[in-house]
Amino acid sequence: MTSPHRAILLMGPTASGKTGLALALAQRFPVEIISVDSALVYRGMDIGTAKPTAAEMASCPHHLIDIIDPTVSYSAAQFHADANRLIADICRRGRIPLLVGGTMLYFKALMEGLSDLPQANAATRAQLEADAARLGWPAMHQRLAAVDAETAARLAPNDAQRIQRALEVYLLSGQPMSQLMRQGRDDAASFATLRLALQPTDRAWLHQRIALRFEQMLAQGFLDEVTQLRQQYPSLSLDLPSMRCVGYRQAWEYQDGLYDMAELSYRGIAATRQLAKRQLTWLRSMPQNTPLDCQSADLLTPVAQQVEAWLAAC
């Protein structure tokens with residue numbers, strides 16, 4: 001039976017203008033915004049995540065923002081369950097879910113279903129951690145590239161959690177995680193979607209926006225925010241997913257005296273550029289998307305026209 005539910009997906013790399021476009025669409029259409037961002041779920045992480053302001057969130061219903069403390073983990077499986085529940089609820093209210101963000105793994109989990117990956121294995125993880133302590137995570141990243149080049153290409157060389165998980169999956173299953181993740185289950189999305197992807201025609205344009213935004217975050221008190229988080233949550237550490245968000249690790253290490261302010265800016269901007277590169281790689285692998293030039297001076301008009309045509313056809 002065809003589902004009566006429908007949703008708009010607005011994807012794009014960091015600093016591509018997703019929030020502004022989503023809020024502009026909310027002025028024209030009866031939407032409720034569902035955040036698709038693995039950093040916005042955390043309370044207290046506002047400046048460094050470019051979280052929508054209180055006024056922006058008050059202008060339109062927002063979901064999956066500020067739902068957990070930064071000492072807690074949040075998975076793609078949890079997002080899959082939360083997003084499907086919210087989509088159904090919003091549609092029952094006669095409104096339109098607008099899913100906005102840059103965590104492409106969450107979009108993939110929602111649209112293609114969750115893959116049957118092997119459960120965590122303590123012995124395998126202990127061995128991988130021992131290897132990483134001896135060789136370093138960049139070397140473990142190279143090991144992953146030898147058995148699962150596709151997954152390795154999406155991960156930063158120091159992304160310990162995800163590198164470890166991908167190697168664990170390969171060792172336990174004998175298959176690359178990227179291959180297993182293509183084998184979606186019956187929980188793939190069954191609702192109608194309009195998939196919009198913001199992509200710059202000139203990468204330098206995006207790099208300039210990333211650099212400007214990081215410097216603005218510092219001026220707005222980002223380092224004070226990290227200090228407050230460390231004081232409020234004594235168990236917070238760099239091993240937690242929240243502190244692996246771009247910018248936060250670099251700010252933490254700066255506060256620990258590992259480098260000066262100039263190096264903090266360099267490292268924070270470089271990490272954000274690497275994130276954007278991985279996000280664009282994901283977007284190019286999703287052929288169902290409608291690409292949109294986020295450098296366009298008037299992006300709202302053509303997007304609104306697409307939304308109107310799609311709603312009429314649904």
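Trainee: How many aromatic pairs does the count come to?

Mentor: The count comes to four aromatic pairs, and the model they are taken from is predicted. A pair of aromatic rings is described by the distance of the centres and the angle of the planes.

Trainee: What are the distance and the angle for F79 and Y106?

Mentor: The ring centres of F79 and Y106 are 4.8 Å apart, with 15 degrees between the planes, and this pair is stacked. F79 belongs to helix α3 (residues 76–92) and Y106 to helix α4 (residues 104–112), so the pair ties together parts that are 27 residues apart in sequence. Both F79 and Y106 are buried.

Trainee: How does the pair of F222 and Y248 count?

Mentor: Planes over 60 degrees apart count as edge-to-face. The planes of F222 and Y248 stand at 90 degrees, with the ring centres 5.0 Å apart, so this pair is edge-to-face. F222 is part of helix α11 (residues 222–232) and Y248 part of helix α12 (residues 248–255), so here the pair ties together parts that are 26 residues apart in sequence. F222 is buried, as is Y248.

Trainee: Which residues do ring pairs link into a cluster?

Mentor: Y74, F79 and Y106 are linked into a cluster by ring pairs. A ring can also have a charge over its face, as with W252: R230 lies over that face, 3.8 Å from the ring centre.

Trainee: Y106 is in α4. Is α4 largely enclosed or open?

Mentor: Of the nine residues of α4, seven are buried, so the helix is largely enclosed by the rest of the structure. The buried residues are M104, Y106, F107, K108, A109, L110 and M111. After α4 comes G113, which has a positive phi, near 90 degrees.

Trainee: Which residues other than glycine have a positive phi?

Mentor: Most residues other than glycine have a negative phi, and most peptide bonds are trans. A50 has a positive phi, near 55 degrees, and its place is the loop between β2 (31–36) and α2 (54–58). L64, also not a glycine, has a positive phi of about 65 degrees. L64 sits in the loop between β3 (62–63) and α3.

Trainee: Do A50 and L64 count as buried, partly exposed or exposed, and what is the relative accessibility of each?

Mentor: Buried means under 20% relative accessible area, and exposed means over 50%. A50, at 28% relative accessibility, counts as partly exposed. L64, at 7%, counts as buried.

Trainee: At what angle do α12 and α13 pack?

Mentor: Two packed helices are described by the angle between their axes and the distance between the axes. Helix α12 packs on helix α13 (residues 261–284) at an angle of about 165 degrees, and their axes are 9 Å apart. That angle makes α12 roughly antiparallel to α13. The crossing of these two helices is right-handed. On the α12 side the contact is made by Q250, A251 and Y254, and on the α13 side by M261, L264, R267, G268 and A271.

Trainee: What is the arrangement of α1 and α14?

Mentor: The axes of helix α1 (residues 18–26) and helix α14 (residues 300–313) come within 11 Å and cross at roughly 55 degrees. That makes α1 oblique to α14. The crossing of α1 and α14 is right-handed. L21, A24 and L25 of α1 meet L300, V303 and A304 of α14.

Trainee: The spacing of some of those contact residues needs a reason. Which way do residues three or four places apart in an α-helix point?

Mentor: An α-helix has 3.6 residues a turn, so residues three or four places apart point the same way.

Trainee: What does Q279 touch, and where is its place?

Mentor: Q279 is in helix α13. With residues up to four places away in sequence not counted, Q279 touches G12, P13, T14, G102 and M104. At 7% relative accessibility, Q279 counts as buried.

Trainee: How many Å separate the C-alpha atoms of Q279 and F222, and those of A88 and A7?

Mentor: Q279 and F222 are 57 residues apart along the chain, and 23 Å separates their C-alpha atoms. A88 and A7 are 81 residues apart along the chain, with 9.8 Å between their C-alpha atoms. A88 has its place in helix α3 and is buried, with a relative accessible area of 12%.

Conventions
Residues are numbered from 1 along each chain as its sequence is written. This is a predicted model: local features need pLDDT of at least 70, side-chain atom pairs count only at pLDDT 80 or more; totals for chains, interfaces and linings use all residues. Side-chain values use heavy atoms; hydrogens and water are left out. Rings of Phe, Tyr and Trp (its six-membered ring) pair if their centres lie within 6.5 Å; planes under 30 degrees apart count as stacked, over 60 as edge-to-face and the rest as tilted. Helices (H or I, at least four residues) and strands (E, at least two) are DSSP runs, numbered from the N terminus. Buried means under 20% relative accessible area, exposed over 50%, partly exposed in between (1.4 Å probe, protein chains only). A charge sits over a ring if NZ of Lys or CZ of Arg is within 6 Å of the ring centre and within 35 degrees of the ring normal. Axes are lines fitted to C-alpha atoms, for helices over the stretch in contact, and angles run from 0 to 180 degrees between N-to-C directions. Angles under 35 degrees count as roughly parallel, over 145 as roughly antiparallel, 65 to 115 as roughly perpendicular and the rest as oblique. A crossing is left-handed if the near helix is turned anticlockwise from the far one by less than a right angle, and right-handed if clockwise. Contact means heavy atoms within 4.5 Å.
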